[in-house]
Amino acid sequence: MDVLDRVAGPARDLLARVDVLLVGNGAPPGHPVWPLLRQVRALPGDAVAAFVAVRPEPLAAAGAALRPQLDGYAEAVDVLAGRLDWSGPAAQAYDAARRTLATRLTGGGDGGGAADPDSLAGRLTATAGYAEAVAGWAALSRAGLAAVLAEALGSAEAVTVRTAADAGPGWSAVGQVGPSGSVAADAAATIAAAVLTAILEITERGEDLLERWRPRLTPAGGSRPADVAGPGARSDGTIRLRY
């Protein structure tokens, strides 16, 4: 359990109230929350819930699990590099085949030095590195989002939202809270703007991470998939929050 897990429960309740106020009362005209809602295309509660489900531990473990397999590639290349005790056309054909295979495995042909990025070992190294990089992004992003949620929970706006939620029976239906509705709507919009700004920054950093790694994630065969899975925005500008 990390700091985001600890604040997620109280934040879930607050953001549920914020979401209802936004749906039922809207936000003041010109409020910064409007462009954020259009970009993220999710209410704060839904956006946070989606990101809380992103865990860095499985990603880090996946990257760490891949790296020991590199020893197998190096060992295979060492075997392929052994001296031939026979000669003739068959030996020459075998020698050419084993050199091709060794190059395919590590790119170097002799198992020495760093693997060629286009070799199988190079691609495995890139996959492990990408998984570990995404794990780092997830861990830092979770800590940053937790800080934003903690600040929201202790804000005057949170008090206003909670007070409005308890002011009348109309709350559970459409978020209408009587004369204090405009004040509550402004408070909810302010909290929503802070949370959605954090979510948008997280996804933009995730997209930047994917773009930095994309050249190294080209699959064997030379073609690159149109949509390498990553933690950022889709090509149409909408935010991808599922992993």
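Colleague: In the protein, what share of the contacts with a separation of 6 or more is accounted for by residues 24 or more positions apart?

Modeller: Such residues account for 76% of those contacts, where contact means heavy atoms within 4.5 Å. This is a predicted model, in which local features need pLDDT of at least 70 and side-chain atom pairs count only at pLDDT 80 or more, while totals for chains, interfaces and linings use all residues. Residues are numbered from 1 along each chain as its sequence is written, and side-chain values use heavy atoms, with hydrogens and water left out.

Colleague: How many helices and how many strands are there in the protein?

Modeller: Both are DSSP runs numbered from the N terminus, helices being H or I of at least four residues and strands E of at least two. Here there are 10 helices and zero strands. Read from the N terminus, the order of elements is α-α-α-α-α-α-α-α-α-α.

Colleague: What percentage of the 243 residues counts as buried?

Modeller: Buried means under 20% relative accessible area, exposed means over 50%, and partly exposed lies in between, with a 1.4 Å probe and protein chains only. By that rule, 40% of the 243 residues of the protein are buried. The accessible surface of the protein, from the Shrake-Rupley method with a 1.4 Å probe and, for residues, only the protein chains shown as cover, comes to about 12600 Å². Carbon and sulfur atoms hold 58% of that surface.

Colleague: Is V48 buried or exposed?

Modeller: V48, in helix α3, is buried, with a relative accessible area of 6%. Apart from residues up to four places away in sequence, V48 touches L15, L145, L149, V195 and I199. V48 and A198 are 150 residues apart in sequence, yet their C-alpha atoms are 9.6 Å apart in space.

Colleague: Within what distance do the axes of α4 and α7 come?

Modeller: The axes of helix α4 (residues 56-66) and helix α7 (residues 120-153) come within 8 Å and cross at roughly 160°. The two helices are therefore roughly antiparallel to each other. The contact involves P56, L59, A60, G63, A64 and L66 of α4, and L124, T127, A128, A131, E132, V134, A135, A138, A139 and R142 of α7. Of the residues in this contact, 12 are nonpolar, two polar and two charged.

Colleague: Which handedness has the crossing of α5 and α6?

Modeller: A crossing is left-handed if the near helix is turned anticlockwise from the far one by less than a right angle, and right-handed if clockwise. The crossing of α5 and α6 is left-handed. Residues Y73, A76, V77 and L80 of α5 meet R98, L101, A102, L105 and T106 of α6. This contact has seven nonpolar, one polar and one charged residues.

Colleague: Is R98 buried or exposed?

Modeller: R98 lies in helix α6 (residues 89-106) and counts as buried, at 10% relative accessibility. Neighbours within four places in sequence aside, R98 is in contact with L80, A81, G82 and L84.

Colleague: Where is R41 found?

Modeller: R41 is in the loop between α2 and α3. R41 has a positive phi of about 60° although it is not a glycine, and R41 is exposed, with a relative accessible area of 59%. V40, by contrast, lies in helix α2 (residues 33-40) and is buried, with a relative accessible area of 3%.

Terms used: Axes fitted to C-alpha atoms, helices over the stretch in contact; angles between N-to-C directions. Parallel < 35°, antiparallel > 145°, perpendicular 65-115°, else oblique. Nonpolar A, V, L, I, M, F, W, Y, C, P; charged D, E, K, R; others polar.
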